[in-house]
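Me: I've got this model open and would like a close look at a single part of it. Could you walk me through that part, and then show me a bit of what else is there?

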Amino acid sequence: MSNDLNLRRVRGNNEAEAPVQTRANTIVKEADHATPLELSNITIRYGGGKNGSDAVSVVDGFDLTLSAGEMHCVAGRSGSGKTSILTVGAGLTLPTSGRVLWEGDSLETMSDDEIADRRRALIGYVDQGGALIDGMSALENVLLPAVPDGEVEQRREMAKDLLDLVGLGRRMRHRPEQLSGGERQRVAIARALILGTRVLVVDEPTASLDRASANRIISILKDTTSDGIAVLVASHDHELVRLSDTLTELI
Ligand SMILES: Nc1ncnc2c1ncn2[C@@H]1O[C@H](COP(=O)(O)OP(=O)(O)OP(=O)(O)O)[C@@H](O)[C@H]1O
């Protein structure tokens, strides 16, 4: 399978660079790197190992240079490889071949521990459905990534700011079962931003939401880009596709 066969660059980012703005009430830092995430000639194949399963070629020759403050959408039918690209970009899985660069540094040169450390500092990942921990409040869920470094108290005000940012400032004591699907998704986005994320990777954030809730999520993602955060999102939501700065359609 060639690059041309399995993906189509539908829209590029040819517009003049917009200035990065930083809102005072959020925790984000100024962009450290102009292109925090780059994927170069990525190939992803599954199977074909000793268990006798047939090899499946999912992605071939995928390239992406994601700039600070840009929202890139990976669109395409179910099974076309959207999640696979997101997990590779987030360093959660390794590509079969090709290079992943975080702030210019190749993951090939990093140990597993280094990848984990760099990921925590750089990338927030929201998986499909944005799973939260039941029995914990929205605020506790947002603070979870700060637990391993003992930074919960340090980050508490930031967590409240982030819940305000996603419109849930008055729901921070609510537990996931007391929130709607769209509200849970917003908590998951706030949680992904708590460590000062530069790249927000979000898988199908509007799937199974009504139009109004979906639009709210989209405007939150757009807001984060105006803070200089780069957003990589997988979706076939036409509104998200329309409002993304750049788009790749997997076919
Ligand atoms: N770990 C794995 N082992 C084998 N095959 C896999 C694995 N992960 C994904 N696949 C296959 O790779 C293809 C792409 O999967 P992926 O989840 O990336 O697609 P997607 O575009 O995100 O789909 P959806 O929109 O349904 O979430 C699918 O055919 C899937 O079955």
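This is a predicted model: local features need pLDDT of at least 70, side-chain atom pairs count only at pLDDT 80 or more; totals for chains, interfaces and linings use all residues.

Reply: As for the helix itself, α6 covers residues 181-193, 13 residues in total. From first C-alpha to last it reaches 19 Å, close to the 18 Å expected at 1.5 Å a residue. Ten of those 13 residues are buried, so α6 is largely enclosed by the rest of the structure. The buried set runs from Arg184, Gln185 and Arg186 through Val187, Ala188, Ile189, Ala190 and Arg191 to Ala192 and Leu193.

Leaving aside neighbours within four places in sequence, glutamine 128 is in contact with Asp203, Glu204 and Ala207. Its C-alpha is separated by 14 Å from that of isoleucine 85, which sits 43 residues away along the chain.

Helix α2 (residues 82-89) lies across β2, β3 and β5 (97-102), and runs at about 125 degrees to β2. Those strands belong to an open sheet of four, ordered β3-β2-β5-β6 with antiparallel pairing. The edges are β3 (56-66) and β6 (105-106); each has a single partner strand, so one side of each is left without a neighbour in the sheet. For β3, the link to β2 (residues 37-46) consists of eight bridges, with the two strands antiparallel. In one of the pairs, leucine 37 has leucine 66 in β3 as its bridge partner.

There's a ligand to look at too. It is surrounded by 13 residues, and the closest are Tyr46, Ser78, Lys82, Thr83 and Ser84. The elements giving two or more residues to that shell are β3 and α2, and α2 provides the largest share, three residues. By class, the shell has eight polar, four nonpolar and one charged residues. So if you start from α6, you have a helix largely enclosed by the rest of the structure, with ten of its 13 residues buried, while α2 is the helix that gives the ligand shell its largest share.

Technical notes:
Residues are numbered from 1 along each chain as its sequence is written. The expected span of a helix is 1.5 Å times one less than its number of residues. A residue is buried if 20 or more other C-beta atoms lie within 10 Å of its own, exposed if 12 or fewer, and partly exposed in between; C-beta atoms are placed from the backbone. Two strands pair if DSSP finds at least two bridges between them. Two residues are in contact if their C-beta atoms, placed from the backbone, lie within 7 Å. Axes are lines fitted to C-alpha atoms, for helices over the stretch in contact, and angles run from 0 to 180 degrees between N-to-C directions. A residue is near a molecule or strand if its C-beta atom, placed from the backbone, lies within 6 Å of it. Ala, Val, Leu, Ile, Met, Phe, Trp, Tyr, Cys and Pro count as nonpolar, Asp, Glu, Lys and Arg as charged, and the others, Gly among them, as polar.
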